[in-house]
Amino acid sequence: MAEKKEPKVTKGNIKNGTIELVLLLLLRSEKKYGYQLANELLEYSEGGYKLNEATMYPTLYRLNEKGYLEYEQIKVGVKRTRVYYSITESGLEYLDRLLDEYYSITGAIGKIITRTSNEKWGSLLVNLSYERKLRIANIIISSHIAYYVKEYLVFCSHNIAISAG
């Protein structure tokens with residue numbers, strides 16, 4: 001009997017679309033250098049989001065060229081210089097648009113997962129580890145929460161605009 005091969009999934013396929021988002025999120029509070037950004041990504045994601053330098057630095061350069069980041073070279077020690085990146089005002093606006101798109105897409109994907117999995121959910125989960133089941137549940141819950149929080153904020157801002165007018 002021939003061994004059944006698992007379909008190949010390109011690793012990082014979804015992550016590639018979020019690199020700018022996560023870097024800008026980390027830079028929202030203060031200026032940081034590359035090694036610090038990479039470490040915080042690992043720490044905050046509990047090891048789930050790894051970004052190598054060959055991907056991170058070109059992204060930082062591209063964000064800088066678009067005017068979303070600024071950088072400053074600071075001498076540390078006798079011979080070393082660190083490049084610190086900080087987010088600009090237009091970078092904050094871009095981050096807001098990225099977050100809107102992220103919440104919209106993840107909410108929609110969560111709905112698709114829910115609707116297409118209802119009839120197969122039991123058989124789908126049987127073969128998954130507890131950790132994977134927990135991840136799926138967290139994705140669905142967080143995407144739904146994000147969707148409803150966004151809808152609530154839109155509702156509130158609409159009501160504020162009406163009462164102010």
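Helices α1 and α3 are roughly perpendicular to each other, because an angle of 65 to 115 degrees counts as roughly perpendicular and their axes cross at roughly 75 degrees. The model is predicted.

**Helix α1 with helix α3**
- The axis of α1 (residues 19-27) comes within 10 Å of the axis of α3.
- On the α1 side, the contact involves Ile19, Glu20, Leu23, Leu24 and Leu27.
- These residues meet Thr55, Met56, Thr59, Leu60, Arg62 and Leu63 of α3.
- Sorted by class, this contact comprises 7 nonpolar, 2 polar and 2 charged residues.

**Helix α2 with helix α3**
- Helix α2 spans residues 34-44 and helix α3 spans residues 53-65; their axes come within 11 Å and cross at roughly 115 degrees.
- The crossing of α2 past α3 is right-handed.
- From α2, Gly34, Tyr35, Leu37 and Ala38 make the contact, while α3 supplies Met56, Tyr57 and Leu60.
- This contact has 6 nonpolar residues and 1 polar residue, with no charged residues.
- Met56 and Leu60 of α3 take part in the contact with α1 and also in the contact with α2.

**Hairpin of strands β2 and β3**
- Strand β2 (residues 69-76) runs antiparallel to strand β3 (residues 80-87), and 8 bridges join the two.
- The strands form a hairpin with 3 residues between them.
- Within the turn, glycine 77 has a positive phi of about 75 degrees.
- Across the pair, lysine 75 stands opposite threonine 81 in β3.

Terms used: Residues numbered from 1 in each chain as written. Predicted model: local features only at pLDDT ≥ 70, side-chain atom pairs only at ≥ 80, totals over all residues. Heavy atoms only, no water. Pairing = 2+ DSSP bridges. Helix = DSSP H or I, 4+ residues; strand = E, 2+ residues; numbered from the N terminus. Axes fitted to C-alpha atoms, helices over the stretch in contact; angles between N-to-C directions. Left-handed = near helix turned anticlockwise from the far one by under 90°. Contact = heavy atoms within 4.5 Å. Nonpolar A, V, L, I, M, F, W, Y, C, P; charged D, E, K, R; others polar. Parallel < 35°, antiparallel > 145°, perpendicular 65-115°, else oblique.
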